[in-house]
Amino acid sequence: MVCNTKKKYILLIIIVMILSFICGEKWDKPTIKSTKVVAQNIHYNDTLSVKGKNYSIDYCIMNALFLDETSMDFNIALRGNKNVGAIKVIAKDQNKNYLKVDTNESSNTNFLEDTIEINKKTTKIYLYVYPLTKTMLYNKSLNLSTIPFKTSILDVSLLKSQQIQTLKK
């Protein structure tokens with residue numbers, strides 16, 4: 001009778017250990033909560049496609065380069081142009097304030113260079129790229145909210161650190 005009771009207790013202990021192991025795997029998985037946001041550039045060096053009625057274009061924002069503390073150059077490579085006469089670029093900072101964008105003249109129509117004026121408090125740059133047909137270009141009452149566009153989000157500190165790493169090589 002003592003031996004039989006020991007077998008029951010051993011069996012019961014084994015069952016409890018197996019259950020605790022199974023339940024422990026389900027309930028004891030550590031969940032890591034981080035308040036640190038990972039800095040990233042969204043759609044930087046990615047090819048994006050914008051399609052509208054009877055027009056489309058593929059483009060890529062790349063080569064962001066800080067000239068000084070108040071200006072950043074970047075390039076837009078254009079591919080697959082179908083009935084697009086020009087590109088309109090609008091830039092905003094993290095507070096949705098407009099930033100001044102100057103398009104530099106280029107002999108290559110598939111490679112545009114723009115300069116953005118920023119300040120020391122700028123942490124993010126939102127670039128809105130609108131392809132415009134020739135008729136849209138000359139329309140004085142054009143509403144940009146009716147035109148398809150793509151947005152790229154650039155993290156200023158990440159771009160600066162990438163530029164420093166490139167210069168160190």
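**A residue in a helix, and what lies around it**

Guide: Gln163 lies in helix H3. Helices here are DSSP runs of H or I with at least four residues, strands are runs of E with at least two, and both are numbered from the N terminus. The model is a predicted one, in which local features need pLDDT of at least 70 and side-chain atom pairs count only at pLDDT 80 or more, while totals for chains, interfaces and linings use all residues. Residue numbers start from 1 along each chain as its sequence is written, and side-chain values use heavy atoms, with hydrogens and water left out.

Gln163 has a relative accessible area of 16% and is therefore buried. The word buried stands for under 20% relative accessible area, exposed for over 50%, and partly exposed for what is in between, with a 1.4 Å probe and protein chains only. If neighbours within four places in sequence are left aside, Gln163 is in contact with Leu65 and Phe66. Contact means heavy atoms within 4.5 Å.

Five strands form an open, antiparallel sheet in the order S1-S2-S3-S7-S6. At its edges are strand S1 (47–52) and strand S6 (101–104), each of which pairs on one side only. Two strands count as paired if DSSP finds at least two bridges between them. In general, the strands of a sheet pair through backbone hydrogen bonds, either parallel or antiparallel. Axes are lines fitted to C-alpha atoms, for helices over the stretch in contact, and angles run from 0 to 180 degrees between N-to-C directions.

Strand S2 (residues 55–68) and strand S3 (residues 71–82) are antiparallel and pair over nine bridges. Asn63, found in strand S2, has a phi near 55 degrees, a positive value in a residue other than glycine. With a relative accessible area of 43%, Asn63 is partly exposed.

There is a second sheet to consider. Four strands make up an open, antiparallel sheet in the order S5-S4-S8-S9. Its edge strands are S5 (98–99) and S9, each pairing on one side only. H3 packs on this sheet too, touching S8 and S9, and the direction of H3 makes about 65 degrees with that of S9. S4 and S8 run antiparallel and are joined by eight bridges, and Ile90 stands opposite Tyr128 in S8.

A nonpolar core is a set of buried Ala, Val, Leu, Ile, Met, Phe, Trp, Tyr and Cys residues joined through side-chain atoms within 4.5 Å. In soluble globular proteins, nonpolar side chains tend to be buried together. The largest nonpolar core has 36 residues, of which Met72, Phe74, Ile116, Ile125 and Leu127 touch the most other members. H3 is among the elements that each supply at least two residues of this core, and so are S1, S2, S3, strand S4 (86–93), strand S7 (111–117), strand S8 (124–132) and strand S9 (150–155). The largest share, seven residues, comes from S8. Leaving aside neighbours within four places in sequence, the contacts of Leu127 include Ile61, Phe74, Ile90, Ile116 and Leu154.

Last, the setting of these parts. The protein has three helices and nine strands, and along the sequence they follow the pattern α-β-β-β-β-β-β-β-β-α-β-α. Of its 169 residues, 32% count as buried. Among contacts with a separation of 6 or more, 62% are between residues 24 or more positions apart.
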